[in-house]
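User: Could you walk me through how to read a few features in this structure? I would like the general idea and then the case at hand.

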Amino acid sequence: MQLWQGRFQKALDPKTNDFNSSIRFDSRMFREDIDGSIAHATMLCAQGIISAEDLALITDGLKAICAEIESGKLEIDPNAEDIHTFVEGELTARVGAAGKRLHTARSRNDQVALDIRLYLRKACNELYAQLTELVSVLCKKAEQYADAVMPGYTHLQRAQPITFGHHLLAYAEMLLRDKERLQDAVKRMNVCPLGACALAGTTYNTDREMTARDLGFSGAMQNSLDAVSDRDFCMELASMLSILMVHLSRFSEEIVLWCSWEFKFIELDDAFSTGSSIMPQKKNPDITELIRGKSGRVFGDLMTLLTMMKGLPLAYNKDMQEDKEAIFDAFDTVKMCLTAFIPMLDTMTALPENMRKAAAGGFINATDCADYLVGKGLPFRDAYKATGELVALCIKKGLTLETLPLCEYQNICDLFDEGVYEAINLDKCVKDRTSLGGPAPENVRAQVKRVQGLNQNK
């Protein structure tokens, strides 16, 4: 049954009906549709628009339908136009005329706008919990490896010494911002469109603030046109999800590098790796590779929403039916990625010896060598030049700054003495980097406490 069939003399072409139908993807909103309908019916009764007897029939009928769908006793009809049509049709079949009164002072336009906000609000809460768990895992690992010296990189070239804990906390900071973006988006989404009807409100004496309160919204949307045509919240959430996927993809790329034999900084648990059909030695980081690939899928969902909305006049247009597939897919994809990523990271083993070995090469203590000369009174640019000459000499002789004889240092600059070897010690290089946000182990441990506090309080 189509809710709009009274105007038409012919049935809708079956293929057109399939094209028009949204039941295959909006059926997941059956709980939200029922919750919204109960709140709407409650308000109609409070305003004297329907009777208490009708309200009881409607409420009991809707609760029974919800329970039966959840238990599997009632199957959602795949031939229904959408979940709203299915629920209303099922209700009317059970309670008769009372079911037909439910849609008073309401349109599918405000109904679907309500349902998707309710559904996404719940999805956001679930995502927020996952992000909180991921940050907690990062904090645990960061504290565990606060002293594990590794090379920090720029241009994927060894640059300066840091610790593995410090590196992990950089991703924790990104994820804290993702949580803030999620909270901000939910705040703007959490206003109620119900009662805006098709686009122009209603002549009935409704109480939109009542339904907003009953459904846990901060208030009712103030313009009926905007209420039914706004999908900013879908675009904003898809943007937030896309940024999150950028962070997960960058992290995944580093894990791919770190578990390769060329780096071998970490070892992934066997439960989160796969092998090769032909090469028995392989242990592939497929989860992280899939996350890199799925980031493009989420970006595509964002582009779908932006493109869908960019040319639409007010108010509702059928194009907007495309919002649900895109935003649902974005949430489903991110949730799936996090579900795999969190335990993979939690069971990951770091290999500090290999990190330290990599840090010993690449002259990542060169800046500290230059800073040593600055401490002796040499201007930084002169110290920089002298250290560059030392690095070139080490490369020529196959040595490192630690193994280069003192006489070679003094041939380039007579300010060098035995103290240079302590200054360029990797542990000291890291320990002395106590500036705010730096990788000194004491800093890392303090940063862990700070991040843990923010993670639990937000």
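Analyst: Buried means under 20% relative accessible area, exposed over 50%, and partly exposed in between, with a 1.4 Å probe and protein chains only. Helices (H or I, at least four residues) and strands (E, at least two) are DSSP runs, numbered from the N terminus. This is a predicted model, in which local features need pLDDT of at least 70, side-chain atom pairs count only at pLDDT 80 or more, and totals for chains, interfaces and linings use all residues. Residues are numbered from 1 along each chain as its sequence is written, and side-chain values use heavy atoms, with hydrogens and water left out.

User: What span does α11 have from its first C-alpha to its last?

Analyst: The expected span of a helix is 1.5 Å times one less than its number of residues. Helix α11 covers residues 232–258 and reaches 39 Å, close to the 39 Å expected. Helix α20 (441–457) has 17 residues and reaches 24 Å, again close to the 24 Å expected.

User: Which residues of α20 are buried, and where do they fall around its axis?

Analyst: An α-helix has 3.6 residues a turn, so residues three or four places apart point the same way. In α20, the buried residues are Pro441, Asn443, Val444, Gln447, Val448, Val451 and Asn455. Seen down the axis of α20, they fall within an arc of 140° (taken from the directions from the helix axis to the C-beta atoms), so they line one face of the helix. The face turned away from that buried side carries the exposed residues Glu442, Lys449, Gln456 and Asn457.

User: What do the buried residues of α20 pack against?

Analyst: Contact means heavy atoms within 4.5 Å. The partners of the buried residues of α20 are α7 (108–144), β2 (157–163), α8 (164–189) and α19 (426–431).

User: How are α3 and α4 arranged: roughly parallel or roughly antiparallel?

Analyst: Two packed helices are described by the angle between their axes and the distance between the axes. Axes are lines fitted to C-alpha atoms, for helices over the stretch in contact, and angles run from 0 to 180 degrees between N-to-C directions. The axes of α3 and α4 come within 9 Å and cross at roughly 170°. That makes α3 roughly antiparallel to α4 (the term is used for angles over 145 degrees). Residues making the contact include Phe30, Ile34 and Ile38 of α3 and Leu55, Ile58 and Leu62 of α4.

User: Where is Ile49, and what does it touch?

Analyst: Ile49 is in the loop between α3 (30–46) and α4 (52–71). At 24% relative accessibility, Ile49 counts as partly exposed. Not counting residues up to four places away in sequence, Ile49 touches Leu44, Thr104, Tyr204, Asn205 and Thr206.

User: Which backbone angles deserve a second look?

Analyst: Most residues other than glycine have a negative phi, and most peptide bonds are trans. Ala105 has a positive phi of about 60°, and Ala105 sits in the loop between α6 (97–101) and α7. Ala105 is buried, at 8% relative accessible area. Phi of His155 is also positive, near 55°, in the loop between β1 (149–154) and β2. His155 is exposed, at 77%. Finally, the peptide bond from Leu314 to Ala315 is cis, with omega near 10°, and Ala315 lies in the loop between α12 (286–309) and α13 (322–346).

Technical notes. Angles under 35 degrees count as roughly parallel, over 145 as roughly antiparallel, 65 to 115 as roughly perpendicular and the rest as oblique.
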